[in-house]
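Hi,

Here is the structure I promised to hand over. Have a look at it first, and my notes follow below.

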Amino acid sequence: MDVLTHGLASYSLTRAISPRASRATLLAAVLAGTTADLDQVSAYAGPSAFLAWHRTATHSIVGTLVIVGIFFGAASLITRNKPNVDAIRTVFLALLAACLLHVAMDLTQNESVQLLWPFRTPRYSADWVAHFDLWILLILLAGALLPQLLALVTEEIGAKSKAPRGRIGAVLALLAVFVYIGARFVLHGDAVAMMEARTYRGELPRRVAAFAESGSPFHWRGLVETERAFHDLDLNLVAGSSFNPDAAVVYYKPEASASLDAARATESVRRFLAAAKFPKATVEKTNTGYRVQLRDLAQQREARSGPRVIAIVETDPNAKILSDELAWDQKM
């Protein structure tokens with residue numbers, strides 16, 4: 001998810017579990033809870049580095065523990081011998097909870113996470129929530145700001161409370177986000193079942209996926225793979241809405257060829273395929289042979305989550321590899 005949403009979620013969780021936490025602990029939790037997204041800077045090192053580091057190391061279990069350790073060590077050094085600081089246990093729990101929440105929230109998204117880096121390469125995603133979800137952001141904002149406004153109103157009328165501010169609002173906001181994501185989980189299942197029950201240009205689906213759209217929980221993007229093509233669909237789950245598989249945008253698969261087989265064996269394509277959900281290849285004839293390009297159809301509408309990487313392979317007419325590289329997708 002976006003950095004603002006992660007920051008608000010870290011703030012709310014810290015308020016919920018440690019309502020008397022100091023501002024220093026709150027700030028540390030918010031910073032720790034957003035640090036994982038520093039992997040975005042790998043884009044400045046090029047597409048190869050971005051593919052290797054984006055949503056891998058800092059979004060893994062190992063990376064999460066490292067981030068917690070760094071912030072906990074820094075907090076311990078800064079607050080050493082200072083009076084009126086939070087207990088070590090409070091600080092550690094706040095940092096750990098914020099970092100774990102970051103990874104948990106990102107696992108619900110369309111974009112996958114290499115959770116078991118560096119031990120295993122598979123990536124995981126639930127596809128319930130888009131990279132930016134306005135409703136989650138508004139819920140967390142309300143949970144953070146409304147208690148402060150109510151406290152100001154209470155002080156204006158002369159009533160003062162000794163209870164810590166924000167805990168109830170934070171708990172209610174987190175519960176509301178949990179319910180909202182749970183509802184998206186149910187809708188995701190409905191979208192998948194709807195697509196699995198139909199045929200597409202006379203073919204049965206081999207693979208089906210539903211991806212969340214940010215605007216409405218009832219609007220989803222569907223991708224269906226059949227034997228000959230990929231079908232890109234807009235799904236409306238509002239009661240009474242119709243579903244027409246023939247309205248899909250169809251991307252036909254290229255015919256089998258020696259150049260395509262050779263491209264799949266290159267290091268660039270192997271790395272790309274390890275991260276892609278719905279890789280779509282195109283084969284074009286060039287003056288020197290053939291150009292094979294691979295894109296991930298699952299990422300075509302996720303413009304908010306960052307740049308997109310494609311794999312490009314050049315071969316001669318006899319399918320001998322001339323070059324292979326990872327590049328930025330200029331069509332995005």
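**Charges and overall make-up**

The protein chain carries 34 positive and 30 negative side chains, and the centres of the two sets are 7 Å apart. For that count, Lys and Arg are positive and Asp and Glu negative, with His and the chain ends not counted; each charge is placed at NZ of Lys, CZ of Arg, CG of Asp or CD of Glu.

Some housekeeping before the details. This is a predicted model, so local features need pLDDT of at least 70 and side-chain atom pairs count only at pLDDT 80 or more, while totals for chains, interfaces and linings use all residues. Residues are numbered from 1 along each chain as its sequence is written, and side-chain values use heavy atoms, with hydrogens and water left out.

The protein chain has nine helices and eight strands (DSSP runs numbered from the N terminus: helices are H or I with at least four residues, strands are E with at least two). Along the principal axes, its C-alpha atoms fill a box of roughly 80 × 50 × 30 Å. The accessible surface of the protein chain is about 17,200 Å², and 62% of that belongs to carbon and sulfur atoms (Shrake-Rupley with a 1.4 Å probe; for residues, only the protein chains shown count as cover). Of the 332 residues, 47% count as buried, where buried means under 20% relative accessible area, exposed over 50%, and partly exposed in between (1.4 Å probe, protein chains only). Among contacts in the protein chain with a separation of 6 or more, 59% are between residues 24 or more positions apart; a contact means heavy atoms within 4.5 Å.

**Salt bridges**

Side chains of opposite charge can pair when their charged atoms come close. The rule used here asks for a side-chain nitrogen of Lys or Arg within 4 Å of a carboxyl oxygen of Asp or Glu, and by this rule the count comes to 14 salt bridges.

Here are some of them:

- K277 pairs with D127, with the closest N and O atoms 2.6 Å apart. K277 sits in the loop between α9 (267–275) and β5 (279–285) and D127 in the loop between α5 (88–107) and α6 (134–156), so the pair ties together parts that are 150 residues apart in sequence. K277 is buried at 18% relative accessible area, and D127 is buried at 10%.
- E225 and K253 meet at 2.8 Å, N to O, in a salt bridge. This pair links distant parts of the chain, 28 residues apart: E225 is in strand β2 (residues 219–225) and K253 in the loop between β4 (249–252) and α8 (258–264). E225 counts as buried at 13% relative accessibility, whereas K253 is partly exposed at 25%.
- R270 forms a salt bridge with E267, with 2.9 Å between the closest N and O atoms. R270 and E267 both lie in helix α9, three residues apart, which is about one turn of the helix. R270 is partly exposed at 44% relative accessibility, and E267 is partly exposed at 46%.

There is also a network of salt bridges that links R55, D106, E111 and R308. D106 is found in helix α5 and counts as buried, at 0% relative accessibility. Leaving aside residues up to four places away in sequence, D106 touches M1, H6, D37, R55, H59, E111 and V113.

Most residues other than glycine have a negative phi, and most peptide bonds are trans. Where does this chain depart from that? The peptide bond from W117 to P118 is cis, with omega near 0°, and P118 lies in the loop between α5 and α6. D127, already mentioned for its salt bridge with K277, is in the loop between α5 and α6 and has a positive phi of about 65° although it is not a glycine. R201 is not a glycine either, and its phi is positive at about 55°. R201 lies in the loop between α7 (167–196) and β1 (207–212) and is partly exposed, with a relative accessible area of 41%.

**A nonpolar patch**

Which residues form a nonpolar patch on the surface? They are V62, V66, I70 and F119, with about 400 Å² of accessible area together. Patches are made of residues with over 30% relative accessible area and no salt bridge; like charges are joined within 9 Å and nonpolar side chains (Val, Leu, Ile, Met, Phe, Trp, Tyr) within 5 Å. V66 is in helix α4 (residues 61–79) and is partly exposed, at 44% relative accessible area.

Cheers
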